[in-house]
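Welcome! Keep the view open and try each task before reading on.

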Amino acid sequence: MAGLQSWSKLYECRQRVKAAHPSIWRLPVVKKELDRLLPLAESHKRVLEIGAGDRRFGRRMTAALPDLYYKSMDIDRETEQDYYSLDDLDETFDFIYAFELIEHLTPDDGLELMRHAHRLLRPEGVLLLGTPNLYHPNRYFGDITHKTPYKYAELGGLMVMAGFKVPRFFRIYNDAFLRRTFRLNIGVWLHRYLDIDFAHTILAEAERP
C-alpha cells in the first residue's frame, strides 16, 4: 500500500472519522447536490469542478451566482472544459468539488486526486466529494466502470490522510413528497433495522487547514 502509506495510517484516520460520525443514520439528509454546492460557492467564490462532464452544475451555480469564478476540468476531450488535466492548472481555488468520480479510480489514484486538490486549494478552502452510498442496496453496482467502493468512513479517512480536516457528511435523497416524508419519518426505522439506506449518494465535505 505504498500510495496509501500504510494500513495503520489509514486505519487511524478512519477511526478519527468514525469517532466524529459513528453511524450513517446520524448523517443529515439533503435533497440534492445543489443544497451543498450553492452555499459553499456563495462563500467560496473561486470554484473548480473536477470531472465536470457537461458542466450542468456549473451552469446552475453561475446562473444563481453571476459573480462566481468557475472553472471546469475533465479528461474527456469530447466535452468543452477549461482544463483537461490537473497538471495544467496554474491557479488556486477556494472550493473544489467532484461528483461520481472518486469511485472510478483506484484507492491510490483517489488519494492522489485528494492530495492534488489539497495543493490547489487556498487555506480554509473546501473539498466536496460525492460517491455512491454503499448502504444503499444497488447504487454502487449499477456501473461496471466503478473500481473502488467507499463507505463514508473510508472516504473520510483518505481525505484526512490527504491533509484535510475530518469531513462533514450528508446523504442525498429526493423523492415524491409523500414517499419521502414516509421514509424519513416512519420507514427509516425498518431501514435502520435492516441496515439498508434509502439515500443513494454520500457527500463528504472537508476543509483544508
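A residue is called buried under 20% relative accessible area, exposed over 50%, and partly exposed in between (1.4 Å probe, protein chains only). Helices (H or I, at least four residues) and strands (E, at least two) are DSSP runs, numbered from the N terminus. The model is predicted, so local features need pLDDT of at least 70, side-chain atom pairs count only at pLDDT 80 or more, and totals for chains, interfaces and linings use all residues. Residues are numbered from 1 along each chain as its sequence is written, and side-chain values use heavy atoms, with hydrogens and water left out.

**Exercise 1. Trace the sheet and its strand S6.**

Step 1: Find the order. Seven strands make up an open sheet, running S1-S6-S7-S5-S4-S2-S3 with mixed pairing. Two strands pair if DSSP finds at least two bridges between them.

Step 2: Look at the edges. Strand S1 (29–30) and S3 each pair on one side only, which makes them the edge strands.

Step 3: Follow the neighbours of S6. S1 and S6 run parallel and are joined by two bridges; Val30 has Ile172 in S6 as its bridge partner. S6 and S7 run antiparallel, with five bridges, and here Phe169 stands opposite Ala204 in S7.

Step 4: Check the cover. Four of the five residues of S6 are buried, leaving the strand mostly covered.

**Exercise 2. Describe the surroundings of Thr201.**

Step 1: Thr201 belongs to strand S7 (residues 201–207). Strand S5 (residues 121–132) runs antiparallel to S7 and is joined to it by seven bridges; Pro132 stands opposite Thr201.

Step 2: Is Thr201 buried or exposed? Its relative accessibility is 1%, so Thr201 counts as buried.

Step 3: Beyond neighbours within four places in sequence, the contacts of Thr201 (heavy atoms within 4.5 Å) include Glu100, Gly130, Phe170 and Ile172.

Step 4: Pick out the polar contact, meaning a pair of N or O atoms within 3.5 Å; within protein, one must be able to donate a hydrogen and the other to accept it, and residues adjacent in sequence count only if both atoms are side-chain atoms. The side chains of Thr201 and Arg139 make one, at 3.4 Å.

**Exercise 3. Sort the aromatic pairs.**

Step 1: Set the rule. Rings of Phe, Tyr and Trp (its six-membered ring) pair if their centres lie within 6.5 Å; planes under 30 degrees apart count as stacked, over 60 as edge-to-face and the rest as tilted.

Step 2: Apply it. The whole structure holds seven aromatic pairs. Tyr97 and Phe99 have ring centres 5.3 Å apart and planes at 40°, so this pair is tilted. Tyr152 and Phe169 also have centres 5.3 Å apart, but their planes are at 70°, so that pair is edge-to-face.

Step 3: Locate the second pair. Tyr152 lies in helix H5 (residues 152–161) and Phe169 in strand S6 (residues 168–172), 17 residues apart. Both are buried.

Step 4: Find the cluster. Phe57, Phe95, Tyr97 and Phe99 are linked by ring pairs.

**Exercise 4. Find the buried face of helix H3.**

Step 1: Name the residues. Phe57, Gly58 and Met61 are buried in H3 (residues 56–64).

Step 2: Look down the axis. The buried residues fall within an arc of 100°, so they line one face of the helix; the arc is that of the directions from the helix axis to the C-beta atoms.

Step 3: See what covers them. The cover includes helix H2 (34–43), strand S2 (46–50), strand S3 (69–73) and strand S4 (93–99).
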